[in-house]
Amino acid sequence: MMQLFNKSLIFPIFISVLAGCMSPNGQNSALRALAKEFVSPPDAARPGVYWYFMDGNLSKDGITSDLVSMKEAGIGNVLFLEVNVGVPRGNVNFMSEEWQSLFAHAVSEAKRLGIELTMGSGPGWAGSGAPWVKPEQSMRNLVASDTTVKGPSMFDAVPAIPSLPRQRHNFWPLTEKLSALRDAYYEDVCVLAFPTPDNDERIADIGEKALYWRAPYSSMNGVKAFIPSGIDCPVGSSGIDRSKIIDLTDKIDDSGRLKWEIPEGRWTIMRFGMRNNGVVSRPAPEPGLGFEVDKFDAGHLNSFFEDYYSNLLRITGKTGNVEKSGWTMLHIDSWEMSSQNWSDNFRDEFTKRRGYDPLKCLPVYTGRVVENVEVSERFLWDVRQTAMELVVENYGARFRKLGEKYGFKLSIQPYDMNPASDFDLGAAADVPGCEFWTEGQGYNCVYACTEATSVAHIYGRPVVEAESFTAQGNSWEMYPGNVKNQGDWAFCTGINKFVYHTFAHHSFDDKYVPGMTMGSYGVHWDRGQTWWTMSTAYHRYITRCSHLLRQGRAVADILYLNIEGAPHVFTPPQSAFTSLPAESDAQEWNFRHQAFLPDRRGYNFDACSPAALMESASVDERGNIIFPSGATYRILVLPNAATMTPRLLATIEKLVKSGATIIGNPPVKSPSLTGYPECDKSVKETAEQMWGSLQSSSVEKIISCGSGHILFGGKYAQYKEGEIYPDYEVVAEHLRNTGEKEDFASATGNIRYTHRALGTADIYFISNRTDRAVEDVCTFRSSGVPELWDAVTGEMRTLSGYKETDGAISLPVRLSPSQSFFIVFDKTGAQSTKESLPDFLVQTEIQTIGGSWEVSFDTSLGGPEKATFESLTDWSKHTDEGIRYYSGKAVYRKVFDLSEKKGTLFLDLGKVKNIARVRLNGHDLGVVWTSPFQVNITKSVKEKENILEIEVANLWVNRFIGDDYLPDDGVKDGKWPEWLLNGTERTSGRITFAPRRFYTRESPLMESGLLGDVRIVRE
């Protein structure tokens, strides 16, 4: 006898009796309506896929087959992108008439099938570049040359035309044509002259600080999350005297010749101009290669948008109507465009926004010191701030505005090389986005997920989209069962829309399996998978979870304020998670010792940008910091920064005086040159009034400021290496001391959670983060009657074994490995009128279905038509090579008698590799894809001659390995094989076909098949 917490076992009560479980009089109508939607969730909550088209390999039939397979599997939206990644070119050129016709067909078929189609912001997956972007419309940098002269004398010559600084990172290989266009383009900006300083002091890391480049934070070691303000530099260090800088721009003619009477002494002449930064659309199909459009100039973006989308809008008949299917959205994917620092309008925009003309500070772009290092660093801070504002307004927000005209919504992934603030660029979207890679097969982008969910919560965006399970490596090893734990982690992080990476468009005949891939990338979430037709049950689970996690508002207690300036990546203290950092740099892909699946602790948190705080934050009567979205926080934690602009400090002062509580030390200066030096005086005076002193304190202090409080000094000012916020426990201790209970607690720490609050209900999602069954006691900061909703089955029931004490509810729970549930609290407090079953049930084994099994394989995939298994054994250990290397589906058949038919009975499959469908006596009992592998057989089983069929699908790995013993007839020298192109007979004997070699004969085989034991159990 054994005890299990079984989702099928404990939920005999369906939605038909839910009304009685919710309240005696059915008063909680909103929750009752939500329960119905939980059972049959709306199509809008279905997951999506990155639908990648591979460099000209497109077919009309393939497009229809792809979309039909998605519809049948429960996929509701696609992100249409064409890329050039690791496959031979096809014969349909990007944006040709044929290409546009096929795109229109994709839109039409998506609309017919009720699927939403999102179009990327340009060819390739990153940015907005194209062949029609002229160099003068592209991302550009300010460049300079210098000439040292001596006067008095006449200068009559052509100063050297500046060249682009050597790129630190070269991610953008240019074609010969694009290289020539880049090198030929140059525009003068100005000519300055100044007395040559006695020393030649230079500012460190100028390429990064002046935005000549921004390296990828996720995939390159040592990249800063933010750039320190630099105000601690020695003020006395001398540089170029601004008052002696002479503007010679009007003395240079159209040919570039400068005529100037040089005054006495040594002078430096600097010629400034604009050059293309060398960034192109990536990784675009060859006909789509071109420069990235200027991100500072709305006019250039307008032209790009019109040139790219006008024909597509015409041919698809897209109007300004908002539609529920077909082409509905636009998407800007991860920022992989490095940065720019100049454009046609930059000087004017800088002057307008910062309050001073940048002209005489331009030598700082080259690392020279103007006045002193601090002044120069402040100027660079202003350059980056101006660049960020222009990117957000004239690229992100502008893209959204242009799309609105045609009824489009916009999603944005604001990371990874973003020279702006990730948070503020993400806030420009209707749907903030992020990415997470498959555990162990890619980069650690947890920070991007935290940022996107924070944006959504602060601004009230109901959907948080994630490029999900991106992978590079042995990615045919993933399937619904082994991605569930990470998917549940994503739900608990705040993500509620999965867009799987990737579904490569299958342009070839379906007999070529598994078919097209995106080179080496992708978890291969597509119709070529062995288990694809069984994935509907899993996708229904994702849909239910996604829909429920879009309801109400997210609950968090701690608000971390981002540091001012750009670029900016938010990284919370590691202690705010329950998972420990990675132990060493030896962990592939992970440069910062960060855990891959960090779970939130009992007091959840969000981040907030200074812009959002200044624009939207206020304080309620309880002293909570609130936003118009409904986002509510008990405490604001400031970053460890000595600088703050007067406007931001004034906002914080207003919040505190209105009753808010903050943690953080006082700022002492402004990071900007705007209003300098008066800005520093303003910051100092305000900070002294609020904190009482600018001096650091070795002991913690709590002082009153208006109706609020400030906590600083001592433990509140202790920071771990590389972090800018105090330890989580310091903040948590204060919250506990003020009577604020943890939102959630798990006695063992093995259960993760997230919490959404509705008016009359609380929705908690809990998940077993381990690969073993757990018994635990969970505590919820809620009230009312708990109900357990199972997203795998859609079943639900009222729980009875809970205790309510002092504003919280404790509930014993038991979960199978990686099992998850929603715990929904009906806060109307009504008790169920139905008789409740025990929360946990006991299963008794009735019999084991042992002996031999007849198993049939698909002969077209190399398996035998029939085989007898004397016992349930692993296919990969079978002596028959057709079984040992088999990949696909096989059906196990057996006839058995039932020893006794009493109570509620379940068929337990034991161990399944990897997913199974159960049929009993002609009844389809559904797909089992996650623990526990059980189905209810009470109504289907008989006492005699039960006919049991179990269809099992394994993975492609073993067939890839077996095929490696046969002649290689695949892609060679970057070309598709002739037999594929010509449709002639394939003679190698291989069964699999893919664009690259994923496994070799030396690769280990994977367990496959039904491994059992298969048992009948009774509750």
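Predicted model: local features only at pLDDT ≥ 70, side-chain atom pairs only at ≥ 80, totals over all residues.

Reader: Okay, and where does Phe 103 lie?

Author: Phe 103 is part of helix H4, which covers residues 97-113.

Reader: Which residues does Phe 103 touch, if I skip those up to four places away in sequence?

Author: You'll find Phe 80, Leu 117, Met 119, Leu 312, Thr 316 and Trp 327.

Reader: What about the bigger picture of nonpolar side chains?

Author: The general idea is that in soluble globular proteins, nonpolar side chains tend to be buried together. Here, the largest nonpolar core has 203 residues, and Trp 51, Trp 327, Phe 822 and Leu 909 have the most contacts inside it. Helix H9 (residues 373-404) gives the most to this core, with 13 residues. There's also a second, separate core of 34 residues, with Leu 649, Ile 662, Val 683 and Ile 710 among them.

Reader: Tyr 764 is a handy link, I guess. Which side chain makes a polar contact with the side chain of Tyr 764?

Author: That's Asp 743, at 2.6 Å. Asp 743 sits in the loop between helix H17 (728-737) and strand E25 (744-746).

Reader: Is Asp 743 buried or exposed?

Author: Buried, because its relative accessible area is 0%. Beyond its neighbours within four places in sequence, Asp 743 is in contact with residues including Val 555, Asp 557, His 755 and Arg 781.

Reader: And how do I read empty space?

Author: Rolling a probe the size of a water molecule over the atoms shows where empty space is left. In this model, the largest pocket holds about 980 Å³ of space. It is lined by 39 residues, and the closest to its centre are Phe 226, Thr 571, Gly 722, Glu 723 and Ile 724.

Reader: What is the lining of the largest pocket like by class?

Author: It has 20 nonpolar, 12 polar and seven charged residues. Helix H11 (residues 446-459) gives the most to that lining, with three residues.

Notes: Residues numbered from 1 in each chain as written. Heavy atoms only, no water. 1 Å grid on protein atoms, 1.4 Å probe; cavity = no way out; pocket = protein on both sides within 12 Å on 5 of 7 lines; lining within 4 Å. Points joined across faces, edges and corners; volume = space filled by probe spheres on them. Helix = DSSP H or I, 4+ residues; strand = E, 2+ residues; numbered from the N terminus. Nonpolar A, V, L, I, M, F, W, Y, C, P; charged D, E, K, R; others polar. Core = buried A, V, L, I, M, F, W, Y, C linked by side-chain atoms within 4.5 Å. Buried < 20%, exposed > 50% of the residue type's maximum accessible area, 1.4 Å probe, protein only. Contact = heavy atoms within 4.5 Å. Polar contact = N/O pair within 3.5 Å; in protein donor to acceptor, adjacent residues only side chain to side chain.
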